[in-house]
Amino acid sequence: MTTALALPLHDAALAERLTGRLRLVEELLRDAVSYADPIAHDASRHLVDAGGKRLRPLLTLLTAELGDGNRREVVDAAAVVELTHLATLYHDDVMDSAPLRRGAPSAHEVWGNSVAILTGDLLFARASSIVSGLGPEAVRIQAQTFERLCLGQLHETVGPRPDEDPVEHYLQVLADKTASLIATSARFGAMFAGCRPDEVRTVTQFGETIGVAFQLADDVIDLTSDGTVTGKTPGTDLREGVPTMPALLLRSRAASGPAGSADREVVALLDSDLSDDGDLAVAVAALREHEVVAVTRRRAVELARQAVTELAPLPPGAVKDALVAFADALVDRAS
């Protein structure tokens, strides 16, 4: 089986099981975004129909293979994490003024900011409805995860305090805004498949670590791809002043370097008016060629390797091999 992440699964039986369960997740997602109201229906289906990597539900289904992956609760949990993710995308695109998402116009470009925000709220309501059927512990985990998602977005918006290191602040933002839901995706799979508590803890930590690596890889892709990988316009983060690891590393180097240095010249370019597409392309090209992009890529690879070492307590076999391939696929996108 090859997913949107080009994740190779050499075990044919495992690939077949995951393929079938992903279909069930897709059916549940489409049922969850069906509304009698035409505006709610069309806006809610917008990103579901646009497709996507589905990496969070895939991870849920994959970690469930450590136990009884046939349980219906596993499919429900996989749909919950994807609906939660989709809800955050509607909100993020409004805050970032992103014109594209998954290769299609962002919801706020089609229906306006208010409808996009409310649609995100509707999707989270549907996720909450499904998770309520999974029991109080699942509701608590979902609430804690959503709290971290909101805190990550809040801290990204406000920025670091004067006494706070911008790079460390950014890594915490990534842990909350991205890694928290990926960790919950892995946790839910093992949890609802009846795995032992130590196995649940192992895959949760794996998800937390690989989640940060995933976003660092995305920072690189935003500069080095033509937009086909992310479905977003390259340089959107630069235009909106959203911090990324390459830009933060560059600013740190420029601050400690001599006046008139090449680093400071690139920073001045990033701080200029990037509303024109041509000017944005020049800024993206300048940052793309800088060493900080390679540094960011190496950091993503190091975190992916750390995540793989965290899988050591798991028994050897097809599932563990697939989790290693999952980690590799997340960062290979930035190569």
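## Questions about cysteines, salt bridges and a surface patch

Reader: What relative accessible area does Cys 150 have?
Author: Happy to start there, with the reminder that this is a predicted model. Cys 150 counts as partly exposed because its relative accessible area is 41%.

Reader: Is Cys 195 buried or exposed?
Author: A residue needs under 20% relative accessible area to count as buried. Cys 195 has 12% relative accessibility, so the word for Cys 195 is buried.

Reader: How many disulfides does a search of the whole structure find?
Author: Good thing to ask after two cysteines! A disulfide needs a pair of cysteine sulfur atoms within 2.5 Å. For the whole structure, the number of disulfides found is zero.

Reader: How many salt bridges are there?
Author: Side chains of opposite charge can pair when their charged atoms come close. The cut-off for such a nitrogen and oxygen is 4 Å. By this rule, the number of salt bridges is 20.

Reader: Which residue meets Glu 65 in a salt bridge?
Author: The N to O distance in this pair is 2.2 Å. Glu 65 sits in the loop between helix H3 and helix H4, while its partner is in helix H1, 44 residues apart. Both residues are buried. The partner is Arg 21.

Reader: Where do Arg 72 and Asp 76 both lie?
Author: Their side chains meet in a salt bridge of 3.2 Å. Arg 72 is partly exposed at 43%, whereas Asp 76 is buried at 17%. They are four residues apart, about one turn of the helix, and that helix is H4.

Reader: What is the N to O distance between Asp 263 and Arg 253?
Author: Asp 263 counts as buried, with 14% relative accessibility, and Arg 253 is partly exposed at 34%. Their side chains meet in a salt bridge, and the N to O distance is 3.4 Å. This pair links distant parts of the chain, from helix H12 to helix H11.

Reader: Which residue joins Glu 26, Arg 30 and Arg 54 in one network?
Author: In this network, salt bridges share partners. Besides those you named, the network includes Glu 82.

Reader: What accessible area do Leu 151, Leu 154 and Val 158 have together?
Author: These residues form a nonpolar patch on the surface. Leu 154, found in helix H7, has a relative accessible area of 45%. Patch members need over 30%, so Leu 154 passes that cut-off. Together the three have an accessible area of about 270 Å².

Terms used: Residues are numbered from 1 along each chain as its sequence is written. This is a predicted model: local features need pLDDT of at least 70, side-chain atom pairs count only at pLDDT 80 or more; totals for chains, interfaces and linings use all residues. Side-chain values use heavy atoms; hydrogens and water are left out. Patches are made of residues with over 30% relative accessible area and no salt bridge: like charges are joined within 9 Å, nonpolar side chains (Val, Leu, Ile, Met, Phe, Trp, Tyr) within 5 Å. Accessible areas come from the Shrake-Rupley method with a 1.4 Å probe; for residues, only the protein chains shown count as cover. Helices (H or I, at least four residues) and strands (E, at least two) are DSSP runs, numbered from the N terminus. Buried means under 20% relative accessible area, exposed over 50%, partly exposed in between (1.4 Å probe, protein chains only).
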